[in-house]
Amino acid sequence: SPPAIIAPSILSADFAALGKACSDTIEQGASWLHIDIMDGHFVPNMTFGAPVVTKIRPHVKRPSSAHGTGTFDCHMMIAEPKKWVKDFQKAGCDLYCFHYEAAISSTAAETPADHSESKTSPKDMIRYVHEQSMLAGIAIKPDTPVDVLWDILDNQTQEEVPDMVLVMTVHPGFGGQKFMASELPKVAALRQRYPTLNIEVDGGLSEATIDQAADAGANVIVAGSAVFGAKDPADVIAKLRDAVEK
Ligand code: DX5
Ligand code: ZN
């Protein structure tokens, strides 16, 4: 399977010293930064938007290749994912991961000022993100069956195929929730069908839950409270990585 990628979620970092928190976590061995964007509509919580991403970008060296160290993995928990693609590209996002559930229920507006009425689709979204020179990820919530992804992943049109699938292992909205092992069969089904796909898990990952997730086939590991709440974050990052690589 693809390489182990450890992506600390800065949702649990000190927001008053975010630039340093970001550069520190990369120095401590993180591969990517997982950046949680919440709009108070798609999820019952709010974080921040593109201006904050712009401000933290200079604190972390741009990745030298696709999926490389320093990748900004933006997890878009927002109701209108198409609207913010260009803003996040300009802000320094490398991987734009939108929610399947938002894509199928939102309109195709490309900018905040564009009130276009047509519906968008996951395939359109992936193509559009690729056109803006970012990697594209697609996320599913616990209530969404994995089967909705087969058609998207089996598509022969390369520009419409996602670079990563995110299987949520908590209901999105908050850090520090309990890991839902009930979601791991989705990861296993994805890994069985797609041996080289980047499969990300997010929510409740720690030294206590990593083995189950790694055994199911996840290779991109998000951890917020487990990393930023640790006395020795470098040690936690190393242990998560070892568990995926073993
Ligand atoms: C939850 C977010 C997660 C969150 C994970 O909606 O998507 O990225 O930060 O936090 P932990 O690792 O503490 O569960
Ligand atoms: Zn997340």
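Predicted model: local features only at pLDDT ≥ 70, side-chain atom pairs only at ≥ 80, totals over all residues.
Me: Where does ligand 1 sit?

Reply: Ligand 1 is in the largest pocket. Of the 20 residues around it, S9, G173, D202, G224 and S225 come nearest.

Me: Which side chains make polar contacts with oxygen atoms of ligand 1?

Reply: Look for pairs of N or O atoms within 3.5 Å. Among the side chains that qualify, S225 has an N or O atom 2.5 Å from an oxygen atom of ligand 1. For D202 the corresponding distance to a ligand oxygen is 2.7 Å. H34 places a polar side-chain atom 3.3 Å from an oxygen of ligand 1.

Me: How much of the area that ligand 1 exposes when taken alone does the protein bury?

Reply: Alone, ligand 1 exposes 380 Å², and 100% of that is buried by the protein.

Me: Which elements give two or more residues to the shell around ligand 1?

Reply: They are β2 (32-38), β3 (71-77) and β8 (220-223). The largest share, 3 residues, is from β2.

Me: How is the shell around ligand 1 divided by class?

Reply: There are 10 polar, 8 nonpolar and 2 charged residues in the shell.

Me: Where in the chain are D94 and R62?

Reply: D94 is in the loop between α3 (85-91) and β4 (95-99), while R62 is in the loop between α2 (50-56) and β3. The two residues are 32 residues apart, and the pair links distant parts of the chain.

Key:
Residues numbered from 1 in each chain as written. Chains lettered and ligands numbered in written order. Heavy atoms only, no water. Near = heavy atom within 4 Å. Polar contact = N/O pair within 3.5 Å; in protein donor to acceptor, adjacent residues only side chain to side chain. Areas by Shrake-Rupley, 256 points an atom, 1.4 Å probe, with all protein chains shown as cover. 1 Å grid on protein atoms, 1.4 Å probe; cavity = no way out; pocket = protein on both sides within 12 Å on 5 of 7 lines; lining within 4 Å. Sits in = over half its atoms within 2 Å of the grid points. Helix = DSSP H or I, 4+ residues; strand = E, 2+ residues; numbered from the N terminus. Nonpolar A, V, L, I, M, F, W, Y, C, P; charged D, E, K, R; others polar.
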